[in-house]
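Please look over the structure shown here before reading on. The report takes up helix packing and then aromatic side chains.

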Amino acid sequence: MAMTKTDKIWMNGEFVAWDDAKIHVLSHVVHYGSSVFEGIRAYNTKKGPAIFRLGEHIERFINSAKIYRMQSKFTAEQIERACLDVVAVNKLTDCYLRPLIYRGYSHVGVNPIGTPVETMIAAFPWGKYLGEEAITKGVAVKIGTWARMAPNTLPAMAKAGGNYLNSQLLKLEAVEDKYEEAIALDTQGYVSEGSGENVFIVIKGELITPPVSSSILAGITRSSVMRIAKDLGYTVREAVIPREMLYIADEFFFTGTAVEVTPVTSVDRIPVGNGERGPVTKAIQDAFFGIVTGELPDRYGWLSHVPTGAAVRG
Ligand code: PPE
């Protein structure tokens, strides 16, 4: 499962060789989880690589940092520019971008005040999140025994490194029990999200997804799918979902940058519908993959094309 290295990583405004992109072991982030991050995909299109919803990702990135009172030295525009550059410099086409703002090295102690706020962006190839067959065949999930963060504990709307300790507990449990993924309930017992994915169910042709008040990350793929589904003529609702609704849904799918749109075909070994990818999920996938790859018109202005050749800096 080793990752594919690329040439350069952007660190605080400079391109650094992949193997030299290091930090000190006493950095605040290593000890206290003080980081916020993004996951963004670029897809190869006929006009070269294009980054999907770059502006929205960087907006959420800056907002996550704001919640933790972290101020990057770089503006949203500079970070967007650096994302385009990091794809171009590494001559990537289909790839995943990982921007991170983190508290660096100055002192040990919880108090983060005075730590340097660092910014980095890496880009590298990343295939299908839950396996090559997941997109068509679907995945088996269980309800995790760990709940998502309670409101007023860790803010779920911030895409913070620390939140992923909860995600790791869920994922470890899923793998241990031979499932592809675990779904977390919120502390009230309602459906929240997967370890790294938002959830949608389809009941009688209507799409339902949990609201932000169910301790979810406000996913950008989630909002894209809501928009696509409405334009395809489906009703889409944000509603609190009781666990048992997952067992009786006609269809169930995940959304996320890494997972894209992936069908869920069983929950706690109970088949969803007939246990295969359903027609609504397929219709959403066709529209989603068509848009991200530029096969369908970019009717929402979601693609940022990566300038190549002379425009590339660094
Ligand atoms: N919820 C969680 C907890 C989450 O981590 C993600 C993305 C989503 C929902 C979907 O959000 P969006 O990507 O904006 O549609 N998870 C990222 C990290 C996955 C990882 O393993 O790392 C991702 O998909 O990039």
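## Basis of the model

This is a predicted model, in which local features need pLDDT of at least 70 and side-chain atom pairs count only at pLDDT 80 or more, while totals for chains, interfaces and linings use all residues. Residues are numbered from 1 along each chain as its sequence is written, and side-chain values use heavy atoms, with hydrogens and water left out.

## Packing of H2 and H3

Helix H2 (residues 54-67) packs with helix H3 (residues 76-89) at an angle of about 125 degrees, their axes being 10 Å apart; helices here are DSSP runs of H or I with at least four residues, and strands are runs of E with at least two. Axes are lines fitted to C-alpha atoms over the stretch in contact, and angles run from 0 to 180 degrees between N-to-C directions.

The contact (heavy atoms within 4.5 Å) is made by Leu54, Gly55, Ile58, Phe61 and Ile62 of H2 together with Ala76, Ile79, Glu80, Cys83 and Leu84 of H3.

## Aromatic pairs

The rings of Trp10 and Phe74 have centres 4.9 Å apart and planes at 65 degrees, so this pair is edge-to-face (centres within 6.5 Å, planes over 60 degrees apart). Trp10 is buried, with a relative accessible area of 5%, and Phe74 is likewise buried at 17% (buried means under 20%, exposed over 50%, partly exposed in between, with a 1.4 Å probe and protein chains only).

Tyr96 and Trp126 also form an edge-to-face pair, 4.5 Å centre to centre with 85 degrees between the planes. Tyr96 is buried at 4% relative accessible area, whereas Trp126 is partly exposed at 34%.

Note on methods. Phe/Tyr/Trp six-rings, centres within 6.5 Å; stacked < 30°, edge-to-face > 60°.
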